[in-house]
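Please work through each task before reading its solution.

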Amino acid sequence: MKSFRFSPFVLLLVAALCFVGAFLSNRFGTRGSDVLVHTDVVRLQNLIEGAERIAQRDAAEVARQLQSGELNFGTLVGHTTYPCFVFRGDKLLYWSDHTTRPEPENAGQNFREKLVEMKFGYYLALSQPAGPYVVLTYVPLEKRYGISNRYLREGAEKALFRELNVRIMANMPGSRLPWLRSAEGKYLFSVESLQPNPIAGKYLLLAFLALGTVLYVLGWLLLTRRWLEEGRIVAGAASVVVPLAAYRAALLYLGLPFSVVELPLFDPRVYAASWLSPSLGDLLINALLLMLTAYYALLLFRRYGIVRQVRQIQSLAGRTAIGVIAVFAFLGMLELLFQFYSNSFNNSQLVLDITQNIQISGFKLLLCLAIVLHTGSYLVGFYILSQLFITIGRPSTKQAGVFLLAASTLVFLPTGVVLGESHAVLLGLTLLFFLVVRITGLKQIAAIMPYQIYLFIFLMLGISSAVGALALYEHFDRQLVLTKQKIAGNLLVDNDLQGEYLLAERTREMAADPLIRSMLASPFSNQDVVRQKIVKYYLRDYFDKYEVLVTLFDPTGKPIQEAKATSTLAPLRRQLLRTALPTDQPNVYLIRNPSSFSTRRYVAFVAVPSPRGGVSTVLLELSLKKLTAYSVVPELLVDQKFFQPSLGPRVELRWFRARPAGVQRRRF
């Protein structure tokens, strides 16, 4: 019996030992992290031998073509698995890859295979003599560029040890690190693991942590049960809530268990609401802790007879203060519940709305469970506050209370709905809830009739459902705004809406300009003045990003002081409008090449009335300037995250030999 009395402390002691074991495992268990297990070494060795066989096969084929005189760039470039180079002495003759720079001194050395460290990583160099020539093949083992962007990461896919948490250790045959050998058994290099051993590291630590957590929770629960049996209610409730809250805070601070093992349940990419709920697993832990806290709060509420004590308050001011506190506490909890629902909808990749996704997954069920637990915890708080509000009611003040609640509800609830203000809607729902409670005259839950129990439960669920619907509505409203902004942004990329509007305004001003009218009507005027005024005066500032071409036509459609090759207005108009798209502005058309963003053009036909009768025409062609050239080298060196590669022009390089069959081309 004595051993049973001290069993909670024994469990807590064992839990503490488990936590110490987890700490020691994390601190010292990773000392063997640089040692690979035998299966990993065998896998790496097979990779080396397979790559060596492929490289030797390609080198033998290149050597055969050399001896038969068939080798040229057309038969070499793009036809070898790994970069291949042909030397004669120290002179490089042919190469299959331009991204790797070979070392000429390797061509004069006598070796079959060896590890080579170059500027951008480690390579396995293989030498194949072919008469007076030497064929060098470089197998990329580990690439490092010094910068990281999408282009260089894609290039690293050819490295043999890509995405493997190992590091090559050259010239360390005497170390305890595992060796990797060539197919003939020659030592090449050693390898070191960059991640802890899963047996001595991560999983052992996780096992200690899980066992310690179970024993820790069980120990405090047993201690709480003992103190509750002894009548120490406050101490019993505090003994389980406070230690578990402290333990939860420690887990959040240390980022456990995700910092140890990246379990999908604790992955922030699936769900991440806030620092308090950085993952779905953390949300479930918070829900369980909140439910436990709500249970013991209800236990204390009933144990100390809070309703009985409030009923003894007879003064109107005291009862009013209790009612105001209950209403505002209810509103505060409703705000927290609304915030929780909003975070669940906005910060999760899991779509709970069946109108958008009807697939069911384990993560969705766990998220629903967390929502149910949170809602149940808040409903306990709503129940406690509603009992306090019911207790302060008196028949003499019922009509005044109903009037005040009804008037406030009619003010705040419709106003919040009309203005789309969620806080006003929540206040209106709070007032509506207490109005229904006051009208129905519900008594303490233990003494009411069954139909009143159902009505009370219906009110509770109705409030939580209304708050969830409001959070879902705000979520979809925010999505709608973002979608509209995205559509507007796409329109600004495809169409310069502001430029179209300003261009239409400028064309009306041009048509009403007396100087332009008179000079276009005079055959002896210098029309360059008209062109300069249009470009420098009317199409300045905003239109500086466009190259402007101005063509003038007389009332008969003939060009005015233009080049002889310039066509007349009618056929030129038909040619331009054949591929043009009309805009929202009159006589302004968009000519766009869908394969290139930089070829957007606007064409505007400006009708200018002539003082002598007839109408002259000014043709404006605005082509978007290429302000920034996204050439090959800058795009490789800088990760331009906000540039859409599909919108930019492609660069194509071609080179030729004497024979037409030798044409080679590469696209970038």
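The model is predicted.

**Exercise 1.** Determine whether Phe434 is buried or exposed, and classify its ring pair with Phe433.

Solution. The relative accessible area of Phe434 is 1%. Buried means under 20%, so Phe434 is buried. Phe433 likewise has a relative accessible area of 1% and is buried. A pair of aromatic rings is described by the distance of the centres and the angle of the planes. For Phe433 and Phe434, the centres lie 5.3 Å apart and the planes stand at 80°. Planes over 60 degrees apart count as edge-to-face, so this class applies to the pair Phe433 and Phe434. Ring pairs also link Phe433 and Phe434 into a cluster with Phe330, Phe382 and Phe389.

**Exercise 2.** State how many aromatic pairs are counted, and classify the pair Phe340 and Tyr341.

Solution. The count comes to 20 aromatic pairs. In one of them, the ring centres of Phe340 and Tyr341 are 5.8 Å apart, with the planes at 45°. Phe340 and Tyr341 are both buried.

**Exercise 3.** Identify which charged ends sit over the rings of Phe111 and Phe605.

Solution. Over the ring of Phe111 sits the charged end of Lys114, 4.8 Å from the ring centre. For Phe605, the charged end is that of Arg573, 4.2 Å from the ring centre.

Conventions. Residues numbered from 1 in each chain as written. Predicted model: local features only at pLDDT ≥ 70, side-chain atom pairs only at ≥ 80, totals over all residues. Heavy atoms only, no water. Phe/Tyr/Trp six-rings, centres within 6.5 Å; stacked < 30°, edge-to-face > 60°. Buried < 20%, exposed > 50% of the residue type's maximum accessible area, 1.4 Å probe, protein only. Lys NZ or Arg CZ within 6 Å of the ring centre and 35° of its normal.
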